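Keep the sequence and the 3D view open while you read.

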Amino acid sequence: MAKHKAAFVNIIGNPNVGKSTLMNEFVGEKLSIITSKSQTTRHNIKGIVNGENFQLVFSDTPGVLKPHYKLQQSMLKFSESALTDADIIIYVTDVYEKEEKNIDFLQKVKKLNIPILLIINKIDLSSQDKVVELVEKWKKTMPKAEIFPTSALNKFNIKNIFNRILELAPESPPFFPKDQLTDKTERFFVSEIIREKILIRYKKEIPYSVEVDVEEFKESEDIIKIRSIIYVERKSQKGIIIGHQGKAIKYIGIDARKDIEAFFEKKVFLELRVKVADDWRSDENKLKRFGY
């Protein structure tokens, strides 16, 4: 009888290289929100894949950046902590990124004594010659890493990477119950879906000034009733989120409700309100309250 394997597999890298898309492909569920904007992921989000003789705990992390305020400091801590609690590291780059970007963090990755799989993502947006050139460059930069040219969006090479992770996983009993999909709560995923719609709909500073808090989540047999507050940093931002005659927030609610219903496979009543939490991104107490 095959022995059971289990591993913590942490996905790290700079912003906007496709970490969340990769995570969702591995897990087979949309756990991490995905937009074209950087800094979309703010937390470490675990997705658990179970088989008869294995359990892989994938962790999507915020993109590595130089912090300018306390929220970004917290996000960087999430990324750095991923280096200390992993059995396997997946370092994601793409066809556009230079090897010297965030070199300090890369040096920390190079010093690790655990398996590193280096994913060159978005190869569908490049030529074969360019990809070959990138592979050679990364071999010199990260000589201990195994390199996988990939297109997460097109699912190219995903199965090979997954199979290699399984090969590398150590023998271990499972870390979580075998029917568990994630370590996050239902409220967390509701807030992330709402925040994704704001990231998609608004430009400039607005999406980065927003935090979403689910005040009420009541589930009955045929419907889930949710009351959620969208926090912004300034009064002027509140007006932009609500929009003329409340039209903007209405569209956010419609888009979010559809995705929440698909996620929970149940009818949803969603109430949204907007409040001001002055400079919350730089306020330690408010950050703690929001789970950072």
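Lys139 is partly exposed, with a relative accessibility of 45%. This comes from a predicted model. The side chain of Lys139 meets that of Glu136 in a salt bridge, 3.6 Å from N to O. The structure holds 20 salt bridges.

**Salt bridges within a helix**

- Lys139 and Glu136 both belong to helix H4, residues 128–141. They are three residues apart, so about one helical turn separates them.
- Glu136 counts as partly exposed, at 40% relative accessibility.
- Arg164 pairs with Glu167 in another salt bridge. Their closest N and O atoms are 2.9 Å apart.
- Helix H5, residues 158–168, holds both Arg164 and Glu167. The two are three residues apart, about one turn of the helix.
- Arg164 has a relative accessible area of 24%, so it is partly exposed. Glu167 has 52% and is exposed, because the limit for exposed is over 50%.

**A salt bridge between helices**

- Asp259 and Lys197 form a salt bridge, with the closest N and O atoms 2.6 Å apart.
- Asp259 sits in helix H8 (residues 247–264), and Lys197 sits in helix H6 (residues 186–201). The pair therefore ties together parts that are 62 residues apart in sequence.
- Are the two partners buried or exposed? Asp259 is partly exposed, with a relative accessible area of 28%. Lys197 counts as buried, at 13%, because buried means under 20%.

**A salt-bridge network**

- Some salt bridges share partners. They join Glu215, Glu216, Lys218, Arg227, Glu271 and Arg273 into one network.

**The second largest pocket**

- The second largest pocket holds about 210 Å³ of space.
- Its lining has 15 residues. Phe188, Ser191, Val212, Asp213 and Phe290 lie nearest the centre of this pocket.
- Which element supplies the largest share of the lining? Helix H6 does, with five residues.
- H6 and strand S7 (211–219) each give at least two residues to the lining of the second largest pocket.
- By class, this lining has seven charged, four polar and four nonpolar residues.

**Aromatic contacts**

- The whole structure has 10 aromatic pairs.
- One of the pairs is Phe8 with Phe175. Their ring centres are 4.3 Å apart and their planes meet at 25°. The pair is therefore stacked, because planes under 30 degrees apart count as stacked.
- Phe8 lies in strand S1 (residues 5–13), and Phe175 lies in the loop between H5 and H6. The pair thus ties together parts that are 167 residues apart in sequence.
- Phe175 is partly exposed, with a relative accessible area of 35%.
- Phe188, Phe189, Phe217, Phe263 and Phe264 make up one aromatic cluster.

- Phe188 is one of the residues nearest the centre of the second largest pocket. Phe188 also belongs to the aromatic cluster.
- What sits over the ring of Phe188? The charged end of Lys184 does, 5.0 Å from the ring centre.

Note on methods. Residues are numbered from 1 along each chain as its sequence is written. This is a predicted model: local features need pLDDT of at least 70, side-chain atom pairs count only at pLDDT 80 or more; totals for chains, interfaces and linings use all residues. Side-chain values use heavy atoms; hydrogens and water are left out. A salt bridge is a side-chain nitrogen of Lys or Arg within 4 Å of a carboxyl oxygen of Asp or Glu. Helices (H or I, at least four residues) and strands (E, at least two) are DSSP runs, numbered from the N terminus. Buried means under 20% relative accessible area, exposed over 50%, partly exposed in between (1.4 Å probe, protein chains only). On a 1 Å grid over the protein atoms alone, a cavity is a set of points where a 1.4 Å probe fits but cannot get out, and a pocket is an open set with protein on both sides within 12 Å along at least five of seven lines; lining residues have an atom within 4 Å of a point. Grid points are joined across faces, edges and corners, and a volume is the space filled by probe spheres set on the points. Ala, Val, Leu, Ile, Met, Phe, Trp, Tyr, Cys and Pro count as nonpolar, Asp, Glu, Lys and Arg as charged, and the others, Gly among them, as polar. Rings of Phe, Tyr and Trp (its six-membered ring) pair if their centres lie within 6.5 Å; planes under 30 degrees apart count as stacked, over 60 as edge-to-face and the rest as tilted. A charge sits over a ring if NZ of Lys or CZ of Arg is within 6 Å of the ring centre and within 35 degrees of the ring normal.
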